[in-house]
Protein chains: 2
Amino acid sequence: MEKINKNSFTPPFYQLATILEKKILTGQLKAGESLPSENDLGREYELSRTTVRKCLSLLAERGLISTQQGKGTFVSRPSLDRAEFLMGEFHTHMVQMGKEPGYRLVEVRFRKELPEFAVELGMTAEQGILYYCRLLLADTEPVAVEHKYMLYIKGRPILENEFQYKAFSEIITIHTDILPVRSQAVLGAESVGEFDAKLLNVAQGSPVLKLQQALYASDNRPIGIGVFYYRGDRYSLVSDIHPLKGER
Amino acid sequence: MEKINKNSFTPPFYQLATILEKKILTGQLKAGESLPSENDLGREYELSRTTVRKCLSLLAERGLISTQQGKGTFVSRPSLDRAEFLMGEFHTHMVQMGKEPGYRLVEVRFRKELPEFAVELGMTAEQGILYYCRLLLADTEPVAVEHKYMLYIKGRPILENEFQYKAFSEIITIHTDILPVRSQAVLGAESVGEFDAKLLNVAQGSPVLKLQQALYASDNRPIGIGVFYYRGDRYSLVSDIHPLKGER
DNA sequence: GAGTGGTCTAGACCACGAC
DNA sequence: TCGTGGTCTAGACCACTCG
């Protein structure tokens with residue numbers, strides 16, 4: 001049996017995690033089987049129960065095991081064949097990809113009516129809608145178009161440079177004094193329409209990733225809605241699942 | 001100051017998390033600011049440091065705060081304007097959506113050569129390739145096509161019913177005796193080709209979500225590659241970000 | 001050197017599931 | 001009733017950052 005090296009720079013909880021992970025990956029522990037109890041693991045590897053639990057929660061986060069109170073800890077089924085796609089801010093993402101992010105404000109305007117899809121999401125125009133449209137660039141090449149609609153309440157003027165980096169939820173707070181507390185995003189594939197195709201410099205009907213985001217106030221009323229169209233040939237999401245490293 | 005109710009069924013670490021979350025959402029704690037130290041929080045709310053840390057790790061998971069050893073704990077910027085899309089197995093996903101999942105095996109065959117995109121990913125045909133193609137259905141309607149390529153090594157016969165539910169990584173292990181340990185998935189938008197369009201019952205060139213998955217052995221060599229095309233009009237991914245509930 | 005987060009221990013009580 | 005995971009405490013040592 002592999003032992004814990006207490007003099008290593010790799011902490012014990014992490015060492016134990018890699019040991020258990022190996023047993024799962026090599027089939028010594030098979031899907032559906034139960035692990036030894038936390039107390040047993042503690043005795044076996046001479047660790048406190050707290051440390052064992054920290055290790056197990058690490059494996060649970062990665063989807064390798066799951067726990068059931070009163071019953072035990074069990075090896076999960078899939079582990080691979082899973083994918084997790086994270087979308088942060090465009091700016092951050094481009095920097096990570098080694099590209100120079102850029103923005104071009106296409107239009108800002110006050111609207112009296114909402115587009116149909118926003119109404120379907122339960123949004124109401126109330127005093128009006130503040131709309132803006134931006135083009136997102138990578139190394140000066142267009143990658144995505146962004147359309148945003150938010151409730152217009154305060155008479156505060158709009159400053160162009162606000163749209164450069166600020167997050168949508170931040171802009172909404174400034175302009176409406178309403179705090180968004182919940183957001184929902186839907187990701188799918190569509191054919192790009194005429195207007196957006198021109199901005200993106202692609203043929204009408206080209207495939208795009210569509211991200212529709214809705215921000216909700218604490219009373220569950222939508223106060224801002226955004227739509228992004230990402231060029232299918234220039235933008236994709238990546239998910240990586242890899243084993244724990246023996247050392248950190 | 002809000003206090004911790006030690007008689008509540010909601011555990012203290014969770015109560016503290018909702019208190020701190022509220023302070024962040026309402027702007028009492030602004031982005032970039034530092035939280036009180038863990039010891040201070042413990043004194044303030046009469047909790048042990050362990051409990052305070054459990055609460056902070058919950059908020060960190062949700063992206064609300066981040067910690068820096070030796071410096072402190074800080075409020076993060078975005079919180080909303082973030083999205084997390086999880087893709088599990090088709091079967092599970094359909095059941096969650098209240099649909100009846102179904103599968104139709106279109107083709108299984110032995111190939112001597114790999115398609116170009118698989119070669120570009122670094123895969124080699126070696127003794128040959130086992131290829132299969134499935135149609136994924138929801139309530140008998142086609143939703144996606146799946147193409148899989150894996151190394152062929154053992155002379156083991158292929159059983160049709162193996163492809164019904166088993167995960168790709170499992171099938172690979174059975175047929176090659178090689179354990180995949182890492183997977184990478186790329187998600188994007190494309191126009192569907194003639195072959196897949198017919199299977200999906202859509203017009204050629206219709207927008208589809210393309211998921212390309214590669215499974216790697218421990219020596220970092222790709223041993224299996226899969227491609228999914230999901231109908232853009234019938235499949236999308238959803239991400240929800242909501243505040244902690246005061247009660248559980 | 002003082003303060004911060006990161007890790008670990010030993011022991012306690014609770015809620016749940018199974019017998 | 002017993003074994004399981006879930007939570008909490010009080011105290012310890014370490015690694016890192018900063019003045």
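Mentor: Of the 22 residues around DNA strand C, those that come nearest are A:Pro11, A:Pro12, A:Thr50, A:Gly70 and B:Ser37, where a residue is near a molecule or strand if its C-beta atom, placed from the backbone, lies within 6 Å of it. Please keep in mind that this is a predicted model, in which local features need pLDDT of at least 70 and side-chain atom pairs count only at pLDDT 80 or more, while totals for chains, interfaces and linings use all residues. Residues are numbered from 1 along each chain as its sequence is written, and chains are lettered from A and ligands numbered from 1 in the order in which they are written.

By kind, the residues of the surface divide into four nonpolar, 13 polar and five charged; here Ala, Val, Leu, Ile, Met, Phe, Trp, Tyr, Cys and Pro count as nonpolar, Asp, Glu, Lys and Arg as charged, and the others, Gly among them, as polar.

Let us stay with helix H3 of chain A, residues 49-61, whose 13 residues should span 18 Å at 1.5 Å a residue, and whose end C-alpha atoms are 18 Å apart, which agrees; the expected span is 1.5 Å times one less than the number of residues. In H3(A), the residues A:Val52, A:Cys55, A:Leu56 and A:Leu59 are buried. These four cover an arc of only 95° around the axis, which puts them on the same side of H3(A), the arc being that of the directions from the helix axis to the C-beta atoms. The face turned away from this buried side carries the exposed residues A:Thr50 and A:Glu61. A residue is called buried if 20 or more other C-beta atoms lie within 10 Å of its own, exposed if 12 or fewer do, and partly exposed in between, with C-beta atoms placed from the backbone.

The buried residues of H3(A) pack against helix H1 (12-25), helix H2 (38-45), strand E1 (65-68) and strand E2 (72-75) of chain A, and two residues are in contact if their C-beta atoms, placed from the backbone, lie within 7 Å. After the helix comes A:Gly63, whose phi is positive, near 80°.

Turning to DNA strand D, we find that 22 residues surround it, and that the closest are A:Ser37, B:Pro11, B:Pro12, B:Thr50 and B:Gly70. On that surface H3(B) gives the most, with four residues, and the residues divide into four nonpolar, 13 polar and five charged.

How the two chains are related can be stated as well: chain B can be laid on chain A with an RMSD of 0.0 Å by a turn of 180° and a shift of 0.0 Å along the axis, the copies being superposed by least squares on the C-alpha atoms of residues with pLDDT of at least 70 in both. The two copies are therefore related as by a two-fold rotation axis.

Note on methods:
Helix = DSSP H or I, 4+ residues; strand = E, 2+ residues; numbered from the N terminus.
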